[in-house]
Amino acid sequence: HRKNRQRRRDHEMDLTGDPDHVGFVTLAPQARRLESSLRWDVDHVSRANLDVLAIRKFVDALVGEGSVDRRQVYAIGESRGAVMANLYAFLFPEQVVAFGGFAAAPTYPWTCDQAALPAAMLYRACDADVPCADVERWLLSREKIRAPTMSLRLGSASKEEPSCALSQRACGPKKC
């Protein structure tokens, strides 16, 4: 809050309509150092995943002090952070209302046996790191189980794009 002066704008961020609970709390945990870089361990799909447990501990602390209503916890992120938001929601669906991300292609096998949480995914038609087709495979898997999912494929200048780039070679540095 000190760095971005967000608290001064709380009155502009009333998401509840309740004058006693204006604004929102943002929890932005930092990934840890794994294999010489900061990143999340999103390959360990287990409730014993240390990154997931750390996030859960932070959320539990905020709930415990009365800062957060557990019925209003949303997980979001970008790239691997979005995959972590999905993993957290996948492993602890009782703790998250919905999740979303930008530029990510999670691979967790949501099934019709598991109540799939609402999700939102923004992605680029041309992305050097996260191919559009990978994101769309994930979106299709959610569609097959009728999981509520909003998606937006972006082209150049962050405008909606009707289709994925045909090949990664077509995605030059200027387009990405």
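Reader: Hey, is glutamate 136 buried, partly exposed or exposed?
Author: This is a predicted model, and in it glutamate 136 counts as partly exposed, at 24% relative accessibility.

Reader: Which residue does glutamate 136 form a salt bridge with?
Author: Its partner is arginine 153, and the closest N and O atoms are 2.7 Å apart. The pair links distant parts of the chain: glutamate 136 sits in helix H3 and arginine 153 in strand S6, 17 residues apart.

Reader: And is arginine 153 buried or exposed?
Author: Arginine 153 has 17% relative accessibility, and buried means under 20%, so arginine 153 counts as buried.

Reader: How many salt bridges are there in the whole structure?
Author: A search finds 8. One of them joins the side chains of aspartate 134 and arginine 137, at 2.3 Å from N to O. Those two are 3 residues apart in helix H3, so about one helical turn separates them.

Reader: OK, new topic. What do S3, helix H2 and S4 make?
Author: Together they make a right-handed β-α-β unit. Strands S3 and S4 run parallel, joined by 5 bridges. In one of the pairings, glutamate 78 has phenylalanine 102 in S4 as its bridge partner.

Reader: Is H2 mostly covered or mostly exposed?
Author: Mostly covered, with 11 of its 12 residues buried. Among them are Val83, Leu87 and Phe90.

Reader: What do the buried residues of H2 pack against?
Author: They pack against helices H1 and H3, plus strands S3 and S4.

Reader: How far apart are the end C-alpha atoms of H2?
Author: They're 16 Å apart, which agrees with the span its 12 residues should have at 1.5 Å a residue.

Definitions and conventions: Residues are numbered from 1 along each chain as its sequence is written. This is a predicted model: local features need pLDDT of at least 70, side-chain atom pairs count only at pLDDT 80 or more; totals for chains, interfaces and linings use all residues. Side-chain values use heavy atoms; hydrogens and water are left out. Two strands pair if DSSP finds at least two bridges between them. Helices (H or I, at least four residues) and strands (E, at least two) are DSSP runs, numbered from the N terminus. A crossover is right-handed if, with the strands pointing away from the viewer, the path from the first strand over the helix to the second runs clockwise. The expected span of a helix is 1.5 Å times one less than its number of residues. Buried means under 20% relative accessible area, exposed over 50%, partly exposed in between (1.4 Å probe, protein chains only). Contact means heavy atoms within 4.5 Å. A salt bridge is a side-chain nitrogen of Lys or Arg within 4 Å of a carboxyl oxygen of Asp or Glu.
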